[in-house]
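Here is a short report on one protein structure. Please look over the sequence and the fold before reading on.

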Amino acid sequence: MKSHTRVAVIGGGVVGCSVLYHLTKLGWSDVMLIERSELTSGSTWHAAGGFHTLNADTNMAALQGYTIRLYKELEEISGQVCGLHHVGGLTLACTPERMDFLKAERAKHRYMGLETEIVGPDEIRKISPITNTDGVLGALYDPLDGHLDPSGTTHAYAKAARLGGAEIVLRNPVLALNPRPDGGWDVVTEQGTITAEHVVNAAGLWAREVGALAGVRLPLHAMEHQYLVTDDIPEVYERDSELPHVMDPEGESYLRQEGRGLVIGFYEQDCDPWAVNGTPADFGHELLPDKLERIGDAIETAYRRYPVLERAGVKTIINGPFTFAPDGNPLVGSVPGLRNYWSACAVMAGFSQGGGVGLTLAEWMIEGEPSRDVFAMDVARFGDFATSAWTRNKVVENYQRRFSVGYPNEELPVGRPLDATPAYEIWKGQRAVFGAAYGMEHANYFAPKGEPTYETPSFRRSNAFAAVGEECRAVRAAVGINEVHNFGKYEVSGPGAEAWLDRVMAGRIPKVGRISLTPMLSPKGRLIGDFTISRLADDHFQLTASFNSQAYHMRWFQQQLPDDGSVSLRNITAERIGFQIAGPKSRELMARVTTVDVSREAFPFLGVRALDVGLCEALVQRVTYTGDLGYEIYVPAANQVALYHTLAEAGRDLGLRPFGMRAMMSLRLEKSFGSWLREFKPDYTPQETGLDRFMSYNKAADFIGKAAAAADKAKGPSRQLCTFVVEADDADVWADEPIWHGGKVVGFVTSGGYAHYVEKSVALGFLPPELIEEGRDVEIEILGEMRPARLVSDPLFDPAAERMRG
C-alpha cells in the first residue's frame, strides 16, 4: 500500500468504485480506494440492481441516463460483464393525479431527448401480459429501464479504474482522518497512514461514521428495505422475451423478472429506520431478519395486480439496509467548512445514479466545477438545521413517499415547524398557510375565514388561487407586508472587502448608501449567484441572495477568502430579519414610521440607509422583488415583533395587508423577474438569462469568470430567456414544460404561473435567438395538452418601471 495519494476514496461499493473510475477517466491516475472489507460488502451486494431514468429533477434524470448508457462502455473497457438487461419499464397510473404527473414527466423528457411515451391499458397488457390493468388509466413507458448484476457492475468499475492506474486496498478499515495544514488529510488505517490531497467519503452505510471522523454530521440515514424472489413461474420462463419492469405506485411496489421467476420489492408505510445510533463496525455481509408483517397489505395488493404471484412460491426474502438523504437524492460535492473533503453518500439508487455521481465528483475535483447544475444532489443543499432527529424523520417520510406523486405546490408536514421567526405566531393568528425551505417556515398565503389552512396539492390551480389573487391586488392597489427572513444575508467587512467583492462579483460595486445587483460567476462563466450588494460604509457591505443556498454560497465565499485576514465574512441570515412593504402607498407608510425624509429625491430607488423605524434601529433598502414601489426593512431578530406592530398600526387605514410567497412569485412574473434555481442557475450564463445587463465586463478587476464571460459575449448565446403569455385552462406552467414551434421542441420553460393582477397566465423560458420576436406564437405542452402562447418583450406591469423607481 502506498503512503501518498492524490485522492483517497473511502468505501468499496458501486459509488466508491464509480468515483475511482471517473477520476482515472478524467486524467488522475494517482488515486486509491480503501475498503474496510471486500468490494460490495455494504448495501451494494444485496441490491435488487434495477435502473431507471425517472427523476423529478431534469439534471438528475440526465445523469441517470448517463449512468445507464455507461454500462456498455464499462464492459468494453474492463472485459467484465455487468449482466445488463435493457427490458424497459412501465410506471402505472391509477388516478387522474398520477396521470397528470406522468404526463408532466413525459413532457420534460421531450426536450431532454429521452424516448419515453404514455401508453394505455391495452398497450400495457401487450408489454407486460402478467399485469392486471383493472383500475389502471395508463402508464409511462421508458425503454431504458432495466436491471443488472450488482457485483459484476461494481467489479467492472473497479477493474476499469485499476486499468487507469488506481490502487484498491481491501480489508483495511479507516480509523481516523486528520486534517493537514496544507489542506490535505492523513488517513489513518489499520495497515498504516496514507497522506491524501483529497478524501472522498463514499462509505455508504458507514458514511455517518466516516463523516464524524472529520468532524462533520452528514444528513443521511439507513432504512430497512425488503424484496422477495419467487420460485419459477411458467408465465415467466415460457416467454420468448424478458418481462419489463413494472412500478405500481398505488401498490407501493416494483417488479421485474429474475431468471425464471420474479423479484418484487416494496416501499411500505410501516417501515423501520435502521442503526439509529450508528452502523455496527462488523456489519456488512449479512441480511436483516425478515419482517413480512410489514408488507402484508402490499403483498395482497401485488397479488391483485400480478395474479401469477398467487401461484408462485417464495424462494428468497431479502431485508437489507440502504442509506437515504432527507429528500431521497444523493449527497455529493465539497463538504462545507472542510478543505478537500468530498461526499459521495446517500446514493440509494446506486445503479441508476452511481455513474452520474462519479462523473460529477470527478469533474468537480479535477476541472473545478461540474458540467451541469447539480444542486439537487449537492451536499450543501442542507445546512446546520438538519439535525440527526430531523434527518431521520424526513428520511422515513421520504421512504414512505417513494412512490407518491410529487406535486409542485406540496409542502410536506414531517419535521415542521423546525425553525421559525418571531413573526410566525403573528402570521399563524392571521390564518397563514405555511411552507418551509432550508428548515425555515414561511407564509405561502393567508386563508380566508371559513376555508382550510391547507393548500390542496395539485398540478392544476389549487384552492389557494383566489386568496393569492386577493393578496396580489392588495399590493398593487395599496400596500402589502411580507417577511424578508427568507433571503440569505451576509456581512462583508474589512480593509480588503471592496477589492474582494470586486473579484468575486461580476457587476459593479456600489457607492456608500447605494445598492447594486450583480451575478456571481464560476470560473467557466456559469451563474452561481444572483446578488444584491448594499454598501453601508467604505469597508462594510451586506449581500442578499437565495435563502436556500446559504451553505452553497458560504462554501464558495470561504474558498475565495484571502489568507491575510483583510476580509471578514459572516452569515447574518438568522439575526437580521424584518419585513418588506410594497405597493403605491408604501412610501406614505414609511413616512409615518420614521422621522427622516423618504421622498423620491431624499431616498431614491436602489438606496440603502440606517433609519429609526418606530422603536427599532433598522437598515432600510429602497427595493422590492414585487417590482412595485417598496422597501425592505431589516432589524435584529429580537425587534421583529415590535417592527411589525409599528407597521401594522401605521398602515391600518392605508389598507395594509399581509401577502405570502405565492403572491410574491406571482407579482414577480408581471415584471419578468427571474428567480434563483429557476431562471438563474449554473446551467446558464449571464448572456442567456439577461443578467449580463448587470455585469461590468470592462471593470479593472479580474473577476472570477471574466475571460469565459467575455468569450460568451463575443460568441453570442444559443438561447435566451423570454416571457410568454399562455392561453391556459385550469393548469399553468410550473417548470420544464417543452416549448414547441413548427412541430418541433425548440425550448423549455424555467418557471411560471398565474399573474393575478394582470390576469394572465405567464411562462418564462428559453428560445433560440432567431425565434425571438415580439408576438412570436408558440405552443407550450402542459399536462399533455398543447396550449397556445405568445412572446412578449415588455413587462406586463409597469413596463417603464415608473412605479418601481418612483
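Predicted model: local features only at pLDDT ≥ 70, side-chain atom pairs only at ≥ 80, totals over all residues.

Residues are numbered from 1 along each chain as its sequence is written, and side-chain values use heavy atoms, with hydrogens and water left out.

**The barrel**

The order β33-β36-β35-β34-β37-β38 closes 6 strands into a barrel, with antiparallel pairing. Strands here are DSSP runs of E with at least two residues, and helices are runs of H or I with at least four, numbered from the N terminus. Two strands pair if DSSP finds at least two bridges between them. Strands of a sheet pair through backbone hydrogen bonds, either parallel or antiparallel.

| Strand | Partner | Bridges | Sense |
|---|---|---|---|
| β33 (residues 720-726) | β36 | 7 bridges | antiparallel |
| β35 (residues 744-755) | β36 | 7 bridges | antiparallel |
| β37 (residues 777-782) | β38 (residues 785-792) | 6 bridges | antiparallel |

Individual partners can be picked out. Val725 has Val762 of β36 as its bridge partner. Phe748 stands opposite Phe766, also in β36. Val778 faces Ala789 in β38.

Is strand β36 (residues 760-767) enclosed or open? Of its 8 residues, 7 are buried, so β36 is largely enclosed by the rest of the structure. Buried means under 20% relative accessible area, with a 1.4 Å probe and protein chains only; exposed is over 50%, and partly exposed lies in between. The hairpin of β35 and β36 has 4 residues between the strands, and Glu759 there takes a positive phi near 55°.

**Helices on the strands**

Helix α3 (residues 96-112) lies across β34 (738-741), β35 and β37, and runs at about 60° to β34. Helix α17 (residues 661-669) packs on the sheet and touches β35 and β36. The direction of α17 makes about 125° with that of β35. Angles run from 0 to 180 degrees between N-to-C directions, and axes are lines fitted to C-alpha atoms, for helices over the stretch in contact.

**A helix pair**

Helix α5 (residues 150-163) and helix α9 (residues 350-367) pack at about 10°, with axes 12 Å apart. The two are therefore roughly parallel, a term for angles under 35 degrees. From α5, Pro150, Thr153, Thr154 and Tyr157 make the contact; from α9, Phe351, Gly354 and Gly355 do. Contact means heavy atoms within 4.5 Å.

Key: Parallel < 35°, antiparallel > 145°, perpendicular 65-115°, else oblique.
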